[in-house]
Amino acid sequence: MSFGSLILKPFAWLLLTLYNLVNNYGLALILFSLVVKIVLLYFSAKSKKGLMKVSRLQPKLRELEKRHGGNRAKLNEEIQKLYRENDVKPMSGCLWSLIPFPILIGLFSIIRKPLTYLMGLSDAQVAEVAEVLGGLGYEAASGSYSQITMAQQIFDNFEKVKSAVPEVIKIDFSFLGLNLTATPSLRLIFDSSVPFSWANFGLVLLVIISAFLSWLSTKISTKTGGSTPEAADSNKSMMLMAPLMSLWIGFIAPAGLCIY
C-alpha cells in the first residue's frame, strides 16, 4: 500500500460510513464537508488569530519603515525582532489556510476511484470486475474516470457482479435527480443536439452554485479575519481566484466534488 493510499483511507472510511448511515451519496458528501469544516475550525481560528496579531502591529511596522526605510537590512532585522517580541509568525495564517487543499485533492482521488477507496478492491479485483462487466456487454472503461463508469455499471448490475466479486458495494450516485459521477459540461446546455433535461442543466447549475458559495465564503472570511494593507491585494485576488477555481474544477471533475 502506498503512502498516499494510507492517507486517503480515513477519508474514504468516513465517506463510506456516512453513506451507509444516510444511504444517499450526495447527502453523505454534504455531511463529509460539514465534518471536515468542524475539524478545521481549530485551524481556521489559528489562521485568523495570526492575521489579527499582524494587523495589530501595523502602526509599529509603519513606524519602523519610516525610521529604517533607507536601510533594508536593518528594517528586516527590526521587523523580525518585533515579531519575536510579540510572538507573531506572519506566515502562520497563510499556512493554516492551505490545509483544506490536500483534503480536496484527497476527496477527488476517492471520488475518482470508488472501487479502490470506497469498496477497497485490489487491482486484481478491479480487473475481475471489468471482465464481468465486459461479459455483460459493456465496453471496457478507460481514462481517468474509468472506475466511476464501472461503479455506475456495478450499481445497475449489482447481483451479477457481486456473485463474481463479493467485495463490491452497491452505491447509488444519484442526488436530486442528478448523476454525481457525471462531469458537468456547458455542451449539455448549449448544444442543440442534446435534449434539454434537469439531469444535464442541474449539473451545470451545481457548478455555478459551487462557484458562488466559494466567492461568498471567501468574502465572509476576509471580512471577519484580521486584515493588513499588505493582505488587501491578496484578499482581492482570492475573491476572484476562489470562484474561478471552483468553476474550473467543476467542469473537469465529477459533479460530486461540487457538493463538497
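Mentor: Let us begin with contacts, meaning heavy atoms within 4.5 Å. In the protein chain, 67% of the contacts with a separation of 6 or more join residues 24 or more positions apart. This is a predicted model, in which local features need pLDDT of at least 70, side-chain atom pairs count only at pLDDT 80 or more, and totals for chains, interfaces and linings use all residues. Residues are numbered from 1 along each chain as its sequence is written, and side-chain values use heavy atoms, with hydrogens and water left out.

Trainee: How many helices and strands are there in the protein chain?

Mentor: Helices (H or I, at least four residues) and strands (E, at least two) are DSSP runs, numbered from the N terminus. The protein chain has 14 helices and two strands.

Trainee: What percentage of the residues in the protein chain is buried?

Mentor: Buried means under 20% relative accessible area, exposed over 50%, and partly exposed in between (1.4 Å probe, protein chains only). Of the 260 residues in the protein chain, 37% are buried.

Trainee: Which residues touch the most other members of the largest nonpolar core?

Mentor: In soluble globular proteins, nonpolar side chains tend to be buried together. A nonpolar core is a set of buried Ala, Val, Leu, Ile, Met, Phe, Trp, Tyr and Cys residues joined through side-chain atoms within 4.5 Å. The largest one here has 47 residues, and Tyr25, Leu115, Val129 and Val168 touch the most other members. Helix H1 (residues 3-22) gives the most to this core, with seven residues. Another core, of seven residues, lies apart from it and includes Leu57, Leu61, Ile79 and Leu82.

Trainee: How many aromatic pairs are there?

Mentor: Rings of Phe, Tyr and Trp (its six-membered ring) pair if their centres lie within 6.5 Å; planes under 30 degrees apart count as stacked, over 60 as edge-to-face and the rest as tilted. The count is three aromatic pairs. One of them, phenylalanine 11 with phenylalanine 32, is edge-to-face, at 6.3 Å centre to centre and 85° between the planes. Phenylalanine 11 lies in helix H1 and phenylalanine 32 in helix H2 (residues 25-56), 21 residues apart.

Trainee: Is phenylalanine 32 buried or exposed?

Mentor: Phenylalanine 32 is buried, at a relative accessible area of 1%, whereas phenylalanine 11 is partly exposed at 22%. Tyrosine 25 and phenylalanine 173 form an edge-to-face pair because their ring centres are 4.8 Å apart and their planes at 75°.
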